[in-house]
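The entries below follow the order in which I checked them.

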Amino acid sequence: MTETLPAAAAAPVKIDIWSDVACPWCYVGKRRLETALAQPGAPEVEIEYHSFELSPDTPVDFEGSEIEFLAHHKGMAPAQVEQMLGQMTQLAAAEGLEYHFDTLRHTKTLLAHELLHHAKAHGLQVAMKERLLRAYFTESKHVGHVEDLVALAAEVGLDADETRAALTDHRYADDVAADIAQARALGINGVPFFVLDGKYGVSGAQSPETFSAVLERVVAEREDAGREPETSGVA
């Protein structure tokens, strides 16, 4: 016998994610969430990424290594930064990710966030986010220039000319600013930050088990309520 779930339980769970392209924990958190969503019984979800700049004062063309940038930005000794990045590389590898901090091209990510909004308008935001993260952390590609971003966009199916125009006239700049302002209003000061169903916040790259537990709670509450969740002001 097939059980028919209430409409509220069957509707996709909305997951809003604030993150930055230049955030190593954001890529790890993405993989851990995906692991949770791949488990038997996981609900259908709708994912939307929101902009967040970890280092807004970063120049587009930073002349120096990641170690030099972080040593200056965090006030840490270069040897300490190198050790930290080594640990991060190992942690990422445990999630199947390959990080190359030694050749990474540190840059301002504001334009990449505009690209993510452009991709969202065409239903390709999740694919674009994955491509940007891989380009930045694994392939050491520059993600701060228009033409570099256009090339990556074309790989996920976005029209090159339209993307170039969108990034040149900055038509999504206000959307990026709105995301950042919303993060500030919600008290989000670090990423990744996940909001599930408009009411449950998960801070950081938590374990797949943590994500699964929150998802189970969301579904259980929906089934108990037996109604569509109210529209949230988070998304």
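I worked from a predicted model, in which local features need pLDDT of at least 70 and side-chain atom pairs count only at pLDDT 80 or more, while totals for chains, interfaces and linings use all residues. Residues are numbered from 1 along each chain as its sequence is written, and side-chain values use heavy atoms, with hydrogens and water left out.

**Strands.** I took helices (H or I, at least four residues) and strands (E, at least two) as DSSP runs numbered from the N terminus. I counted two strands as paired if DSSP finds at least two bridges between them. Strand 3 pairs with strand 4 (residues 200–203) in the antiparallel sense over 4 bridges. In their hairpin, 3 residues lie between the strands, and Asp197 takes a positive phi near 60 degrees. Strand 3 also pairs with strand 1 (residues 13–19), again antiparallel and over 4 bridges; there Ile17 has Phe194 as its bridge partner.

I then asked which way the side chains of strand 3 (residues 193–196) point. Phe193 and Val195 point one way, Phe194 and Leu196 the other way, and all are buried (under 20% relative accessible area; exposed is over 50%, partly exposed in between; 1.4 Å probe, protein chains only).

**Cores.** I defined a nonpolar core as a set of buried Ala, Val, Leu, Ile, Met, Phe, Trp, Tyr and Cys residues joined through side-chain atoms within 4.5 Å. The largest has 36 residues, and those touching the most other members include Tyr99, Leu132 and Phe137. Helices 2 to 7 each supply at least two residues of this core, and helix 6 gives the most, with 6 residues. I listed contacts (heavy atoms within 4.5 Å) for Tyr99: beyond four places in sequence, its partners include Pro24, Met88 and Phe137. A second, separate core of 14 residues includes Ala36, Tyr200, Val202 and Val214.

**Cysteines.** I searched the whole structure for disulfides (cysteine sulfur atoms within 2.5 Å) and found 0. Cys23 counts as buried because its relative accessibility is 3%. Cys26 is buried too, with a relative accessible area of 5%.

**Helices 5 and 9.** The axes of helix 5 and helix 9 (residues 173–185) come within 9 Å and cross at roughly 105 degrees. Helix 5 is therefore roughly perpendicular to helix 9 (65 to 115 degrees; under 35 is roughly parallel, over 145 roughly antiparallel, the rest oblique). I used axes fitted to C-alpha atoms, for helices over the stretch in contact, with angles from 0 to 180 degrees between N-to-C directions. Leu110, His113, Glu114 and His117 in helix 5 meet Ala173, Asp175, Val176 and Asp179 in helix 9.
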